[in-house]
Amino acid sequence: MKRILVIGEINVDLVFKNCQALPSPGREVLAEDFIMAPGSSSMICAMGLARLGDPVAFHGKLGADSWGGYCLDALHAAGIDIASVRPDAALRTGATVSLSTPQDRALVTFPGAIDALRADEVSDALLAGADHLHVSSYYLQRTLRPDCRQLFARARGAGLTTSLDPGFDPQQAWAVDLLDTLTEVDLFLPNELELAAITGRDEVLAGLRALDNGHTQTVVKRGQLGCASLERGHLLQVPAFAVDPIDSTGAGDSFDAGFLHAWLHGLPLFDCLRWGSACGSLSTRSIGGTAGQASASEVQTLLAATR
């Protein structure tokens, strides 16, 4: 089994489910339910991979505070190697508030330690212990970002395959330095909004073709519309799976876990897309990004029932 190293942000998600509406200034709304859960794109993806049975190590920054301890306990309980993670008393662990209504959701994030991680803190020993490197939240990790291309180049030089989920850019600048970084990336995993913003193309096929650099396989997540990628220049699409959704928090990160699991096991692109779509869909069964994440047997059952 391929060993996966996830480099990224660590924070807590505070999820308010089925708000009466998204709040406006000076107003208060009520939510139907609330939980505190492991958060961040990187953590949710890592925990999804571990749930599927993949060996995962995690490296990131967090504060020496109660929320940092909560995150470390969650990673450890998931069976993830956190030996390189050291709480820092000079930092504060980040937090994201997720407000969901039946129609949409909104996020507010306090970055905390998220932008403190530097690429040179990822040691050669960490890379040597892995077969694949995954990085999430390119735009949030502002200190890692300038040297992210070099980190991927080091990983590829050490024989690792690589993947990147860009996440949303809170500044909405969508700087073009990402395109240079992608030359060292094997798999790029944006959602449809991110693909359109990065490429300036509203149509999925045009966006995928704009990022076709001859090396990087771009996979676009389309929510209820499923996912898509290019295969030999042609659009390959897979629909989402029908489930009774409760909360979509982290569904794209669970998609990443499912796709990576299948891809690292050498499955064809179509099957990788189906694994990603299945994991993303099944993750919406519970509140928060990790409580509903699927096991490999659950994914196999869903795929067999919908073949």
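"Buried" here means under 20% relative accessible area, with exposed over 50% and partly exposed in between (1.4 Å probe, protein chains only). Helices (H or I, at least four residues) and strands (E, at least two) are DSSP runs, numbered from the N terminus.

Keep in mind that this is a predicted model: local features need pLDDT of at least 70 and side-chain atom pairs count only at pLDDT 80 or more, while totals for chains, interfaces and linings use all residues. Residues are numbered from 1 along each chain as its sequence is written, and side-chain values use heavy atoms, with hydrogens and water left out.

**The four-strand sheet**

- This open sheet has the order β3-β2-β5-β6 with mixed pairing, where two strands pair if DSSP finds at least two bridges between them.
- β3 and β6 (105-110) sit at the edges with a single partner strand each, so one side of each has no neighbour in the sheet.
- On average, neighbouring strands of this sheet are turned by 20 degrees against each other, direction ignored; axes are lines fitted to C-alpha atoms, for helices over the stretch in contact, and angles run from 0 to 180 degrees between N-to-C directions.
- β2 runs antiparallel to strand β3 (residues 33-39), joined by seven bridges, and Val12 has Pro38 as its bridge partner in β3.
- With β5, β2 pairs in the parallel sense over six bridges; there, Val15 stands opposite Ser98.
- β5 and β6 are antiparallel and share six bridges, with Thr96 opposite Thr109 in β6.
- Ser100 belongs to strand β5 (residues 94-100) and counts as buried at 7% relative accessibility.
- Not counting residues up to four places away in sequence, Ser100 touches Phe16, Lys17, Asn18, Cys19, Arg105 and Asp247, where contact means heavy atoms within 4.5 Å.

**Helix α1**

- α1 lies across β2 and β3, running at about 80 degrees to β3.
- Helix α1 (residues 41-51) has 10 of its 11 residues buried, so the rest of the structure largely encloses it.
- Leu49 is one of the buried residues of α1; leaving aside neighbours within four places in sequence, Leu49 is in contact with Ile4, Val6, Asp54, Val56, Ala257, Leu260 and His261.
- Just after α1, Gly53 takes a positive phi of about 100 degrees.

**The eight-strand sheet**

- The order of this open sheet is β4-β1-β7-β8-β9-β10-β11-β12, and its pairing is mixed.
- β4 (56-59) and β12 (234-238) are the edge strands, each pairing on one side only.
- Five bridges join strand β11 (residues 227-231) to β12 in antiparallel fashion, and Ser229 stands opposite Leu236 in β12.
- Helix α6 (residues 192-199) packs on the sheet through β8 (161-165), β9 (187-188) and β10 (217-221), and its direction makes about 125 degrees with that of β10.
- α9 packs on the sheet too, touching β10, β11 and β12; its direction makes about 35 degrees with that of β12.

**The α8/α9 pair**

- The axes of helix α8 (residues 251-264) and α9 come within 7 Å and cross at roughly 145 degrees.
- Residues meeting across this contact include Phe255, Phe259 and Trp263 in α8, and Leu269, Leu273 and Trp275 in α9.
- By class, the contact has 10 nonpolar, six polar and one charged residues; Ala, Val, Leu, Ile, Met, Phe, Trp, Tyr, Cys and Pro count as nonpolar, Asp, Glu, Lys and Arg as charged, and the others, Gly among them, as polar.

**Nonpolar cores**

- A nonpolar core is a set of buried Ala, Val, Leu, Ile, Met, Phe, Trp, Tyr and Cys residues joined through side-chain atoms within 4.5 Å.
- The largest one has 47 residues, and Leu49, Phe58, Ile80, Phe259, Leu273 and Val299 touch the most other members.
- Helix α9 (residues 269-282) supplies the largest share of this core, seven residues.
- Another core, of 33 residues, lies apart from it and includes Ala155, Leu182, Ile198 and Leu211.

- Ser137 has a positive phi of about 55 degrees although it isn't a glycine; Ser137 is in the loop between β7 (132-136) and α4 (148-157) and is buried, with a relative accessible area of 4%.
- Gln172 also has a positive phi, near 55 degrees; Gln172 is in the loop between β8 and α5 (177-181) and counts as exposed at 56% relative accessibility.
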